[in-house]
Structures are given as structure tokens and as C-alpha cells.
Amino acid sequence: YVDNGSYDRIVQYDLTQPSDSLISKSESIRLFPFISRVNNNLKEGFNFLTTDNNHTNINFGIVSNTDTSIQFCNFQSTVNNILPFDGSNANALIPTFSHYYYQRINFSYEQTFQDMPCIFKAYSCFDSTTFEWDFGDTASSVLNTSSMKYPVHIYKDSGTYKVRCIKHRYDQDNDTMIKTIHIQYNPKSYLGKDTALCAGQNIILTSPYIYDKYLWSNGDTTKTITVNASGIYILNTYKYYAGSCDALEVAVNADTITINIVPNPQKITQHKYYVCVGKTVTITAENTGMKYLWNTNDTIQQINVAQGKYIVKISNLQCFIYDTFEVVNFNTFKPAITIQNNQLASTKGNTYKWFNADTLVPNESKQQFEPKHNGYYKVLITDSNGCEAISDSIYFERIFAEIKIYPNPSNNVFTIELPNGNNEEYTLELYDAIGRRLQLKYSTKEGVTNIDLGDYASASYLLKITNTSGNSWVKKIIKQ
């Protein structure tokens, strides 16, 4: 209760202010002036004071029913508690009554995350009412205050802040509300990190918070959208505040995410390679420039392999496929050798190489050939696919044609029939019974020839016959 010499009033002060002058300026509640008598014409809900002429008996009341006598509230009225307020004296403490009929200031707030607009809403619908806000965020400098009914403030740091709202009316009916709010830590991105998708894949973008309005950069207005194309996607969100006096739409957040569509590696329908037995072939994965991992643990695009099944993982970032390669041996058959008429013959091939033991027989590259010497022979053939195969070894012993000598015994001349058809030349040499070579040495073509031993003594002799292929025959002849 303050008596300023001209009229009486009850006011409320903010005693948390640091000085008397600031306390005096913090007036926030003004009650109606002093009334010295009961007035049944007062409007219901008004506050009033009654006192005697000496101001020694001060009573405070609220008009609750204009048809009955005034109802008083319980309060402290006689305590002499004098406090200085710019020369005015307080003669009584503020009463402890209910202000049910009196319009009080209050406010709410939403979206308490750092770096996001915090929306405050003052509740008061009286005309000619102004507001004085202090958001308790001294670091925001001039942005720390506002005179709007629905102000928006962005707290850059999480933490606890004391927010004050003062309502001012034309009739000096002022009120103050102070609330402590906690600003939570806010991740900078809520749509997520920039993302790469494989072609054909989708990603769902959604706001983790509930708002009244959503506006995506592609024009969608839903909380969640499904994306399958490259691009930059922006979401703006809004809160809508509708009161009994006015309404407000406030943009409260925005975030951006970039989506890149990555081409999938291309898969070939089938890879099948043929290779000769014991040989290798180079297989190549498709999609040059990507990453490769074979089931052989190789990580290059091309590998050299023999018969088998091979799988490669081809990756383009997180997009990948598996591709399969099959390497099959050609059906190559081992050649076989037959012997006929002193000739060796191989089963059919494209090319032939003959070997005596492991030594290549020179100038013999046909399917058949006649060996000059006995031995173990084999053949290496190449088939139409270029594959080589070698036969088993076979022993060859040359069968010579019969050489006829007549008459035997003979007095002087011996007739000799040599084999025909081989275009061979023959050398005839004469040896005595104990193996000494005699002077007779005679060369002739194939066919029939004669030798004359008229100058030799009667005895048994050995006739050695050798052809140009190196084959030899030894025959016993008797000179009578």
C-alpha cells in the first residue's frame, strides 16, 4: 500500500532488481484507487481499497457480486513495514489474496533447441497492451529483447536461461512473469548426412520433429518424402500459433541434404571360356574403373586362370553386383599310334610331331612316317582348337623284306634280289668266317644284282648288305 499524497494504490515490485531506482521502475501491478465507502455501482471483478479518514484502518477487497455487500479477502493490514521507495512509504504488505478476477500475464514457449527459433507466446487479449521481453541471453546483444506478443529468439548455446515478460497497459495495469527455460543441444543436421544411392534404390527423408507445416524444395508438404533422384533437398518447417485474439505462422527450422544417384555396375548375361587342358586363359570383369574382388582374392580387373568357376564382386562406391565366369577344357583326345608295313600312323589331328624316345624326329610332320631305326616312338598332335595332346610311347621294330641269294652254294657267281619300292641304295661287303672284311665292296640300286667270287678260295663267307636308311642284313654264302 503506497500513499503518494493524492491517492492510494497497491503495486507489485520486482525485489530482485539490483538497486532501489530499478525496483521502483519495476512496477508491474496497479490496483484501482482508494475508495472510502462501499459503492454498489462498482463492476464485478474490480479491486478496491477502503480506509478511514486517517488512513489508519486499510482494507482491501474484490467485487465478487454487485448485488450483495462487498466481500473482503484475508491479508496483512496492520503490520508497520516501512520500506523506502523513492520517497514513498509502504504502510502495509501486499495482501495474500486470490487474483481470480484480475488479468495476469503468462507466456509459453516451444522448440527449445539451440540454433533453432524458440517461440514465445504471451497470453493477453486486452487492447492497448504492450510487452517487454528479456530472453536472458546477454550474448545476443540487442536481440535479447523484444516488444512483440509472439517473439522468436534463437539461442546459440544450450543451457539454462531466465526469461522475463512484462505486460504494460494504458491504465498502468502492469504485470511480470519470469520463467526459467532449458535450451537443449541440437544437432546441426536432422535430415542426415549427404547420401549416395544406387540406381533403383529409394531413401525416405523425414523430419524428426512434429511441426504444423512442412515445405520441401520439390514442392511436397508432407512430413516424409521418398526420393530416388539426384538433387539437393531442402525442408523448411513452420509452427502455427492460433490464440483467441490473433494467429501467427513462424518458420522454425530448415535443413538441406544432397542425394547422389550412383550408376549400378552392368552385368553380362553369361561368361564362358574354353581352354586347352593344362593351359590358362585371361578373363576380364566388365565395368572399367570400378573396384573388383575375385574369389581368388585378386583385386584387379583381369586375371589369368585355368579350368574352373570364378566369381567377381564389382563395386561402384556402395553399389555392387556379382558376376560369374566359367572356364571349361576343350574335349581333347589322346592320339593313338598304329604300326603297318614298317610305318607308324597317328589318329587324325591338325599338325604332328614325331619323337623317338624324347628326341624330335626331324622333318617328320605328317600323320604317317616310316622310322629308319628301331625304338620307342610317340606323336604330339594339335587339334582344331589349337590344343596339344601326346600319345603313349610304342615300340617299333623294323621288319625287313626277304633278300634272296642263289644259287647258294655256288662255284663262282651269286645272284642277289634286293627289295624294291623304297628307292634305296645298297652296299655289299664280304667278310671271312672269322669277321675280317675282304676287299670286295659293291654298291648297287634296289632290284637284282650279281657278285662273282671266282677269285676267292672255296670257303664259307658272310655277305653284309646295308641300305641308305642304315638298315643291315648279314647272309652266309658258300663258295665251292
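Visitor: What does Ile311 count as in terms of accessibility, and why?

Guide: Heads-up: this is a predicted model, where local features need pLDDT of at least 70, side-chain atom pairs count only at pLDDT 80 or more, and totals for chains, interfaces and linings use all residues. By relative accessible area, buried is under 20%, exposed is over 50% and partly exposed is in between (1.4 Å probe, protein chains only). Ile311 comes in at 34%, so the label is partly exposed.

Visitor: Which strand holds Ile311?

Guide: Strands here are DSSP runs of E with at least two residues, helices are runs of H or I with at least four, and both are numbered from the N terminus. Ile311 sits in the run covering residues 308-316, which is strand E27.

Visitor: How much accessible area does the nonpolar patch with Ile311 have?

Guide: Patch members have over 30% relative accessible area and no salt bridge; like charges are joined within 9 Å, and nonpolar side chains (Val, Leu, Ile, Met, Phe, Trp, Tyr) within 5 Å. A salt bridge puts a side-chain nitrogen of Lys or Arg within 4 Å of a carboxyl oxygen of Asp or Glu. Areas are Shrake-Rupley with a 1.4 Å probe, and for residues only the protein chains shown count as cover. Together with Phe320 and Tyr322 on the surface, Ile311 makes a patch of about 280 Å².

Visitor: What about Leu191, buried or exposed?

Guide: Leu191 lies in the loop between strand E16 (175-183) and strand E17 (195-198). With heavy atoms within 4.5 Å as a contact, and neighbours within four places in sequence left aside, Leu191 touches Thr206, Trp216, Tyr233, Leu235, Asp255, Thr256 and Ile257. Its relative accessible area is 10%, so Leu191 is buried.

Visitor: How far apart are the C-alpha atoms of Thr237 and Asp255?

Guide: Thr237 belongs to strand E21 (residues 231-242) and, at 0% relative accessibility, counts as buried. Asp255 is 18 residues away along the chain, and the C-alpha separation is 9.1 Å.

Definitions and conventions:
Residues numbered from 1 in each chain as written. Heavy atoms only, no water.
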